[in-house]
Amino acid sequence: MKAFSRRMLLAAGLAGLVASLGGAWLLTPGGQNRTVAGVDAATLARGQQLYTQHCASCHGAELEGQPNWRQRRADGRLPAPPHDASGHTWHHSDAQLFELTKRGPAGLVPGYETDMPAFGDVLDDKQIRAVLLFIKSTWPADIRARQEALGTAGQRR
């Protein structure tokens, strides 16, 4: 009976692992099989949900950004950039992305004209991190590695 119980526990554990990996695969735009090391599928799912609710209206459901995002509009403001690998989001460290999301561009650069609000009063720190982890989960591994190196470069000094 003990051998049967161990096999059942092992089978249940493997099923859970497969389900969580499959869940992470389903989370990414286009169904790409991407994950972030050390991040569980529930966090990525929450991040995707929050992204859809608070970010997708400007940055796009597929993280594609607004058209002509590099060109200022007539009002002098820039359109929302993409958060996929084609944009510049990954050119910033995790700390910079967190502060930008929490405080907004105008909170970091007083007087800067932007449509992006600060989300510090809307999302708590854990929710902001979940959104950023979801965004990172959609990037190819080489882009994630380059972005992660930005954070460690400042720590080596």
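Rings of Phe, Tyr and Trp (its six-membered ring) pair if their centres lie within 6.5 Å; planes under 30 degrees apart count as stacked, over 60 as edge-to-face and the rest as tilted. By this rule there is one aromatic pair. Tyr51 and Phe134 have ring centres 5.7 Å apart and planes at 50°, so the pair is tilted. Tyr51 lies in helix α2 (residues 41-54) and Phe134 in helix α6, so the pair ties together parts that are 83 residues apart in sequence.

The model is predicted: local features need pLDDT of at least 70, side-chain atom pairs count only at pLDDT 80 or more, and totals for chains, interfaces and linings use all residues. Residues are numbered from 1 along each chain as its sequence is written, and side-chain values use heavy atoms, with hydrogens and water left out.

**Overall make-up**

The protein chain has seven helices and zero strands. Helices (H or I, at least four residues) and strands (E, at least two) are DSSP runs, numbered from the N terminus. From that end, the elements run α-α-α-α-α-α-α. Of the 157 residues, 29% count as buried. Buried means under 20% relative accessible area, exposed over 50%, and partly exposed in between (1.4 Å probe, protein chains only). Contact means heavy atoms within 4.5 Å. Among contacts with a separation of 6 or more, residues 24 or more positions apart account for 49%.

**Around the ring pair**

Two packed helices are described by the angle between their axes and the distance between the axes. For α2 and α6, the angle is about 95° and the axes are 7 Å apart. That makes α2 roughly perpendicular to α6. Axes are lines fitted to C-alpha atoms, for helices over the stretch in contact, and angles run from 0 to 180 degrees between N-to-C directions. Angles under 35 degrees count as roughly parallel, over 145 as roughly antiparallel, 65 to 115 as roughly perpendicular and the rest as oblique. On the α2 side, the residues that meet α6 are Thr43, Leu44, Arg46, Gly47, Gln48, Leu50 and Tyr51. On the α6 side they are Gln127, Ala130, Val131, Leu133, Phe134, Ile135 and Ser137.

Tyr51 also touches His59. His59 sits in helix α3. His59 is buried, at 9% relative accessible area. Beyond residues up to four places away in sequence, His59 also touches Glu64, Gly65, Ala80, Pro81 and His83.

Arg129 lies over Phe98, at 4.7 Å from the ring centre. The rule asks for NZ of Lys or CZ of Arg within 6 Å of the ring centre and within 35 degrees of the ring normal.

**Salt bridges**

A salt bridge is a side-chain nitrogen of Lys or Arg within 4 Å of a carboxyl oxygen of Asp or Glu. The whole structure holds seven. Three of them are tabulated.

| Pair | N to O distance |
|---|---|
| Arg73 and Asp75 | 3.0 Å |
| Arg77 and Glu113 | 2.7 Å |
| Arg103 and Glu99 | 3.6 Å |

Arg77 and Glu113 link distant parts of the chain, 36 residues apart. Arg77 is in the loop between α3 (56-59) and α4 (94-103), and Glu113 is in the loop between α5 (105-108) and α6 (125-137). Glu113 is partly exposed at 45% relative accessibility. Arg73 is partly exposed at 29%, and Asp75 is partly exposed at 46%.

Arg103 and Glu99 both lie in helix α4, four residues apart, about one turn of the helix. Arg103 is partly exposed at 41% relative accessibility, and Glu99 is partly exposed at 29%. Elsewhere, salt bridges that share partners join Arg73, Asp75, Arg77, Glu113 and Asp115 into one network.

**Ser93 and Asp94**

Which residues does Ser93 touch, not counting residues up to four places away in sequence? They are Gln147, Leu150 and Gly151. Ser93 is in the loop between α3 and α4. Ser93 is buried, at 11% relative accessibility.

Asp94 is in helix α4 and is partly exposed, at 40% relative accessible area. Leaving aside neighbours within four places in sequence, Asp94 is in contact with Lys136 and Gln147. Asp94 and Lys136 are 42 residues apart in sequence and 9.8 Å apart in space, C-alpha to C-alpha.
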